[in-house]
Amino acid sequence: MPTNDLDLLEKQDVKLERPKMYQVVMYNDDFTPFDFVVVVLMQFFNKGLDEATAVMMQVHTQGKGICGVFPKDIAETKATEVMKWAKVEQHPLRLEVEAQA
């Protein structure tokens, strides 16, 4: 019988796995201004101006772009916060959270 909880933990096979990662994907809507999208990418996803502009252009030209990759709860929170702010600013910006391939 183990003498304490530490002994019990040492005897168990503990497998730690990295959390599954999820992409926050932004979709083109033809109404949200480019400048607003760049600001969103900089403020919520910590992109520099050049990277934010590149993602914004990918969204514009290809229909969607990846804002960032995070554990599920963080990805969902970021997507929700951005869409709430966009709604307040009267922009139809749409983001979705997708499991990373």
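Which residue in E2 is the bridge partner of Val25? I looked it up, and the partner is Ile66.

**Ground rules**

I am working from a predicted model, where local features need pLDDT of at least 70, side-chain atom pairs count only at pLDDT 80 or more, and totals for chains, interfaces and linings use all residues. Numbering starts from 1 along each chain as its sequence is written, and side-chain values use heavy atoms, with hydrogens and water left out.

**Overview**

I counted four helices and three strands in the chain; both kinds of element are DSSP runs numbered from the N terminus, helices being H or I with at least four residues and strands E with at least two. Read from the N terminus, the order is α-β-α-α-β-α-β. Of the 101 residues in the chain, 32% are buried. For the record, buried is under 20% relative accessible area, exposed is over 50%, and partly exposed is in between, with a 1.4 Å probe and protein chains only. I also checked contacts (heavy atoms within 4.5 Å). Among those with a separation of 6 or more, 71% are between residues 24 or more positions apart.

**The sheet**

I traced three strands in an open sheet, ordered E2-E1-E3, with antiparallel pairing. Two strands count as paired if DSSP finds at least two bridges between them. E2 and E3 are the edge strands with a single partner each, so one side of each has no neighbour in the sheet. From one strand to the next, the twist averages 25°. Angles here run from 0 to 180 degrees between N-to-C directions, and axes are lines fitted to C-alpha atoms, for helices over the stretch in contact.

H3 packs on this sheet and touches E1 and E2, its direction making about 125° with that of E2. Helix H4 (residues 72–88) packs on the sheet too, touching E1, E2 and E3, at about 135° to the direction of E2.

**Strand E1**

Next I went through E1, residues 21–27. Six of its seven residues are buried, so the strand is largely enclosed by the rest of the structure. Seven bridges tie E1 to E2 (residues 64–71), and the two run antiparallel. Another six bridges join E1 to E3 (residues 94–99), again antiparallel. On the E3 side, Tyr22 has Ala99 as its bridge partner, and Val24 stands opposite Val97.

**Helix H3**

How far apart are the end C-alpha atoms of H3? They are 20 Å apart, which agrees with the 20 Å that the 14 residues (49–62) should span at 1.5 Å a residue. The expected span is 1.5 Å times one less than the number of residues.

I listed the buried residues of H3 as Ala52, Val55, Met56 and Val59. Seen down the helix axis, they fall within an arc of 100°, so they line one face of H3. That arc is taken from the directions from the helix axis to the C-beta atoms. The buried residues of H3 pack against E1, E2 and helix H2 (34–45). On the face turned away from the buried side I found the exposed residues Asp50, Thr61 and Gln62.

**Lys20**

Is Lys20 buried or exposed? Its relative accessibility is 53%, so Lys20 counts as exposed. The residue is in the loop between helix H1 (5–11) and E1. Lys20 and Pro71 are 51 residues apart in sequence, yet their C-alpha atoms are 6.2 Å apart in space. Leaving out residues up to four places away in sequence, Lys20 touches Phe70, Pro71, Lys72 and Ala99.

**Salt bridges**

Side chains of opposite charge can pair when their charged atoms come close. My rule was a side-chain nitrogen of Lys or Arg within 4 Å of a carboxyl oxygen of Asp or Glu. How many salt bridges does the rule give? The count comes to two.

One is Lys47 with Glu51, the closest N and O atoms being 3.2 Å apart. Lys47 has 15% relative accessibility and so counts as buried, while Glu51 counts as partly exposed at 43%. In the other, the side chains of Arg94 and Glu96 meet at 2.4 Å, N to O. Arg94 is partly exposed with a relative accessible area of 38%, and Glu96 counts as partly exposed at 32%.
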